[in-house]
Amino acid sequence: MNTDRRKFLEKALKATVVTTVGVPVLFEAACASPTKVNAPSGTFQFAQVALPYAKEALEPSIDAMTMDIHYSKHHAAYVKNVNDAIAAENIAYQSEEEFFANASKLSAKAKNNSGGAWNHNFFWQVMKPGGSEFGGKVLEALNGTFGSVEKFKELFTAAAMSRFGSGWAWLVMDNGKLKIGSTANQDNPLMDTSDLKGKPLLGIDVWEHAYYLKYQNKRNEYVANWWKIVNWEEVSRRF
Ligand code: MN
């Protein structure tokens with residue numbers, strides 16, 4: 001091998017080594033860039049509220065087994081699944097409000113399970129063992145908007161009964177006006193995709209899982225008995 005040939009090979013070898021060393025350096029630089037693959041710290045996640053009463057406390061309107069399965073299985077799954085979606089899809093909204101205001105941009109998994117997580121947290125709080133008396137400003141507003149409390153209950157019940165399949169009926173405040181309506185599946189009035197919009201004051205879950213063990217197909221009986229456990233103090237607080 002002549003000298004020129006050796007020098008050429010030495011140069012080529014050095015170049016190869018530099019290139020080989022250069023690859024991990026570049027790879028490290030890419031990994032350290034601000035574009036992170038994992039969910040950034042501080043990202044909002046959903047949490048399941050503690051039940052504000054015992055699982056048998058809403059009997060006879062809602063039986064203990066229904067409450068147990070509804071809270072421990074259905075609701076817990078919505079919370080787990082939305083948080084899995086937040087991590088897997090790198091969703092970086094910072095609050096429930098921001099999350100639902102962008103519902104139209106969410107995957108089906110993130111949208112359905114975020115609604116399920118929020119709606120049930122809300123639902124447990126607008127019920128109370130034995131129900132409660134209601135009065136004050138919310139009573140005046142219901143009378144003013146719907147004519148009477150009985151008329152309000154009639155319209156709300158009609159919304160709950162006419163929701164075909166699974167969903168929710170709601171009383172909402174929208175731009176200073178009380179409205180009654182319903183949403184399909186786990187949609188809620190905070191979602192930008194919802195026809196019914198506003199701040200929820202009262203809501204009822206009319207999925208079959210909410211009543212079927214005790215009432216089977218008789219949704220009307222479930223809704224009628226549900227009025228006995230509405231927490232009007234909580235409705236007033238949200239008003
Ligand atoms: Mn439910």
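Modeller: I will begin at the metal and then follow the neighbouring elements.

This is a predicted model, in which local features need pLDDT of at least 70 and side-chain atom pairs count only at pLDDT 80 or more, while totals for chains, interfaces and linings use all residues. Numbering starts from 1 along each chain as its sequence is written, and side-chain values use heavy atoms, without hydrogens or water.

Start with the manganese ion. Its protein donors (N, O or S atoms within 2.8 Å; water is not among the atoms, so the site may look incomplete) are His70, His120, Asp205 and His209. Along the chain, the donor spacing reads H-x49-H-x84-D-x3-H. His120 sits in helix H4, and His209 in the loop between strand E3 and helix H7 (212-215), so this pair ties together parts that are 89 residues apart in sequence. Helices here are DSSP runs of H or I with at least four residues, strands are E runs of at least two, and both are numbered from the N terminus.

Now the exposure of that pair. His120 is buried (under 20% relative accessible area, with a 1.4 Å probe and protein chains only), at 0%. His209 is also buried, at 18%.

In E3, Asp205 is the bridge partner of Trp168. E3 spans residues 199-205, and six of its seven residues are buried. E3 pairs with E1 (pairing takes at least two DSSP bridges) in the antiparallel sense, over six bridges. Another contact in this pairing puts Leu171 against Leu202 of E3.

E1 covers residues 167-174 and is mostly covered, with seven of its eight residues buried. E1 also runs antiparallel to E2 (177-184), joined by eight bridges. Met173 stands opposite Leu178 of E2. The hairpin of E1 and E2 has two residues between the strands. One feature to check there is Asn175, with a positive phi of about 50° although it is not a glycine. Most residues other than glycine have a negative phi. Asn175 lies in the loop between E1 and E2 and is exposed (over 50%), at 75%.

A pocket is an open set of 1 Å grid points with protein on both sides within 12 Å along at least five of seven lines, and lining residues have an atom within 4 Å of a point. H4 (108-125), E3 and helix H3 (96-101) each supply at least two residues to the lining of the largest pocket. H4 gives the most, with four. Among the lining residues are Trp118, Asn121, Phe122 and Gln125. The lining also includes Glu96, Glu97, Lys199 and Pro200. Domain 1 (3-125) and domain 2 (136-238) both contribute to this lining, so the pocket lies between them. Those bounds come from an automatic or database domain assignment.

Two backbone details remain. The peptide bond from Glu59 to Pro60 is cis, with omega near 5°. Pro60 is in the loop between helices H1 (3-31) and H2 (64-88). Further along, Asn90 has a positive phi near 55°. Asn90 lies in the loop between H2 and H3. Its side is partly open: Asn90 is partly exposed (between the two limits above), at 32%.

Methods:
On a 1 Å grid over the protein atoms alone, a cavity is a set of points where a 1.4 Å probe fits but cannot get out, and a pocket is an open set with protein on both sides within 12 Å along at least five of seven lines; lining residues have an atom within 4 Å of a point. Donors are N, O and S atoms within 2.8 Å of the metal (3.2 Å for Na, K and Ca); water is not among the atoms, so sites may look incomplete.
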